[in-house]
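Open the model in your viewer and keep the selection tool at hand.

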Amino acid sequence: MSEIAKLIDDVIRLDLAKRLKAEGYRKSGRTFYLADDSRTAVVNVQGSKSNLGDEGTFTVNLGVYFPDVAQITNAIPFTGRFPREYNCTIRKRLGKLMSDGNDFWWTVSSDRSVDVLAKDVGDAWSEHGKLWIDHISDLEAAHAELINQQMFFIAAGVSLLRGRRDEAVELVRQAESRQPRAAGRMQEWARQHELV
């Protein structure tokens, strides 16, 4: 393991991991999970692939996995006990929730205070990430966010789950327009669910 990887692990261990553990999250590597019957919240710390030498960067990925939505949209099943962040129904980078809305990567180096950086990441979680996860864990809020992110096909699945068939039809149309290469798959899905 590189020195930068160890520093990133220290940053996680000193603050974020403690906050998440206090909230009931379980840890596997650099990923934390909080599951109940209706959803699994996922917090993942991702180091940059270009972390070499004395300095590196990392970001925090957030997601919520809804098994009912995954089932109705025929999502590829995940392997293992918990979904990974990239398996989630809805995802967001913590940095995008912070004040400027841009992607954000924290910089770690041997000459930067790990304690200060750890608190910065932990505070970003508490002030932005936790609020987003808590809000988006409600299926209606997730539906609105899926539409906002233009993830119309998955939003159509939520609409269908909620019994809003006409809305699901319109969302499939929007999804086909946004992703014409996947239109055939979406039309087949719509036929399976008697939306056309």
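Rings of Phe, Tyr and Trp (its six-membered ring) pair if their centres lie within 6.5 Å; planes under 30 degrees apart count as stacked, over 60 as edge-to-face and the rest as tilted. Select F58, F104 and W106: ring pairs link these residues into a cluster. The structure holds six aromatic pairs.

This is a predicted model, where local features need pLDDT of at least 70, side-chain atom pairs count only at pLDDT 80 or more, and totals for chains, interfaces and linings use all residues. Numbering starts from 1 along each chain as its sequence is written, and side-chain values use heavy atoms, with hydrogens and water left out.

**Two ring pairs**

Select Y33 and F82. Their ring centres are 4.7 Å apart and their planes lie at 15°, so the pair is stacked. Y33 sits in strand β2, F82 in the loop between α2 (67-72) and β5 (90-93), and 49 residues separate them. Helices (H or I, at least four residues) and strands (E, at least two) are DSSP runs, numbered from the N terminus. Both Y33 and F82 are buried. Buried means under 20% relative accessible area, exposed over 50%, partly exposed in between (1.4 Å probe, protein chains only).

Next, pick Y65 and F78. This aromatic pair is edge-to-face, at 5.2 Å centre to centre with 90° between the planes. Y65 belongs to strand β4 (residues 55-65), while F78 lies in the loop between α2 and β5. Y65 is buried at 12% relative accessible area; F78, at 23%, counts as partly exposed.

**Strands around Y33**

Return to Y33. Which residue of β3 is its bridge partner? Select V42. Strands β1 (residues 26-28) and β2 (residues 31-35) run antiparallel, joined by three bridges; two strands pair if DSSP finds at least two bridges between them. Two residues lie between β1 and β2 in their hairpin, where G29 takes a positive phi near 65°. Now show β3 (residues 40-47). Five bridges pair β3 with β2, again antiparallel. Four residues lie between β2 and β3 in their hairpin.

**Two helices**

Finish at α6 (residues 152-161) and α7 (residues 165-178). Their axes come within 8 Å and cross at roughly 170°. That makes α6 roughly antiparallel to α7 (an angle over 145 degrees). Axes are lines fitted to C-alpha atoms, for helices over the stretch in contact, and angles run from 0 to 180 degrees between N-to-C directions. Contact means heavy atoms within 4.5 Å. Select F152 and L160 among the α6 residues and L171 and V172 among those of α7 in this contact.

Definitions and conventions
Parallel < 35°, antiparallel > 145°, perpendicular 65-115°, else oblique.
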